[in-house]
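Here's a quick tour of the packing in this one. Have a look at the fold first, then read on.

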Amino acid sequence: MSGAEFILAINVFVAGLLASAFLAIAIYDSRRISARWFALCYGLGIVYIGTEFTIPLFQDTRVIVAVNFAMFLAITLLMNVGLARRYEVAPPWRSMLAFFMLATIAVYVTQGLDRDSLLRMMTFQTPYAIAQAVGAAIVLRARTKLSHFDYALAGVLLASSVQFFSKPYLALAVGGSGSDPHFYLQSTYAMISQALGTVFALSIALLIMVILMRDILADVLQKSETDALSGLLNRGGFERHAAAALRDASRQGLPVTLVISDLDHFKSINDSYGHASGDRVIEAFSRFLHESKAGHHIAGRIGGEEFAIL
């Protein structure tokens with residue numbers, strides 16, 4: 001078994017683990033639609049690796065190489081769909097389909113060229129590079145505020161794009177990609193290419209997983225800090241956010257105002273009209289606070305009918 005074949009064999013196991021991990025996230029939180037797409041990507045990755053191993057079995061490799069290319073390009077495009085779902089960007093379905101078809105046809109046509117033809121290799125690698133660059137653009141166009149992890153993901157996607165662009169030149173530098181497709185996996189280029197691909201695929205997967213887990217933890221924290229009836233922060237949530245706001249205000253030298261509000265005669269409402277009516281009063285006053293507060297205001301329900309606004 002060559003070095004490239006050994007890496008591919010390991011990748012089957014790794015792809016299965018990653019597909020299972022993303023599927024577990026999707027099952028745990030059904031709202032994580034992007035996790036389903038990522039699970040599909042790494043599940044298809046196992047099929048793609050299988051097509052790599054079958055190439056030497058074909059006498060005429062033109063079709064199987066085109067199928068192998070199309071499988072990996074489909075995976076990168078589906079990953080972009082997952083990224084679009086996570087970052088709330090509309091997936092360009094028609095453009096992706098047209099790009100997929102044109103790229104696959106171009107690869108099939110250019111397979112008749114010499115193995116060391118720069119045009120043939122660029123035609124094969126450039127669509128991958130474009131797909132990864134589009135993935136980075138999707139992350140950077142997010143409607144939500146980006147964190148260091150999000151910028152790191154965009155950076156790795158761009159680095160992966162550059163890697164695909166550079167592969168044809170790398171192949172020429174190390175003696176080509178084998179005299180024909182049957183001997184590709186025995187070439188030095190194949191081992192380097194598969195190793196680079198593994199590093200980038202794992203880096204992208206782990207960053208996405210960290211981002212999804214961070215999202216889940218943020219939702220859990222928000223729920224634990226939110227009062228179910230009013231939708232405002234509960235006492236613990238208000239105190240935590242208020243403490244952070246006070247630290248920021250102190251650093252920036254900004255004045256702070258604290259307003260404590262109490263609904264008068266609230267007990268008489270519960271006694272006279274029932275607790276359901278009292279709940280509607282709480283909800284109505286809370287809506288008023290939601291609609292009135294600015295983005296930098298912090299509002300919470302700190303007691304039965306007591307509210308605080310910072």
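This is a predicted model: local features need pLDDT of at least 70, side-chain atom pairs count only at pLDDT 80 or more; totals for chains, interfaces and linings use all residues.

The largest nonpolar core has 62 residues, and the ones touching the most other members are Phe22, Tyr42, Met79, Leu83, Tyr87, Leu153 and Ile208.

Tyr87 is worth a click: leaving out residues up to four places away in sequence, Tyr87 touches Ile138, Val139, Ala142, Arg143, Leu146, Asp150, Leu153 and Ile211. There's also a second, separate core of nine residues, with Phe266, Ile282, Ala299 and Ile309 among them.

On to Ser161, which sits in helix 6 (residues 148-173). Ser161 is buried, because its relative accessible area of 5% falls under the 20% cut-off. Beyond its neighbours within four places in sequence, Ser161 contacts Ala129, Gln132 and Ala133.

Now the sheet: three strands, open, in the order 1-3-2 with antiparallel pairing. Strands 1 and 2 are at the edges with a single partner strand each, so one side of each has no neighbour in the sheet. On average, neighbouring strands are turned by 20 degrees against each other, ignoring direction.

| Strand | Residues |
|---|---|
| Strand 1 | 259-262 |
| Strand 2 | 299-301 |
| Strand 3 | 306-309 |

Strand 1 and strand 3 run antiparallel and are joined by four bridges; Val259 has Ile309 of strand 3 as its bridge partner. Helix 10 (residues 275-292) packs on the sheet and touches strand 1, strand 2 and strand 3, with its direction at about 5 degrees to that of strand 3.

Conventions:
Residues are numbered from 1 along each chain as its sequence is written. Side-chain values use heavy atoms; hydrogens and water are left out. Two strands pair if DSSP finds at least two bridges between them. Helices (H or I, at least four residues) and strands (E, at least two) are DSSP runs, numbered from the N terminus. Axes are lines fitted to C-alpha atoms, for helices over the stretch in contact, and angles run from 0 to 180 degrees between N-to-C directions. Contact means heavy atoms within 4.5 Å. Buried means under 20% relative accessible area, exposed over 50%, partly exposed in between (1.4 Å probe, protein chains only). A nonpolar core is a set of buried Ala, Val, Leu, Ile, Met, Phe, Trp, Tyr and Cys residues joined through side-chain atoms within 4.5 Å.
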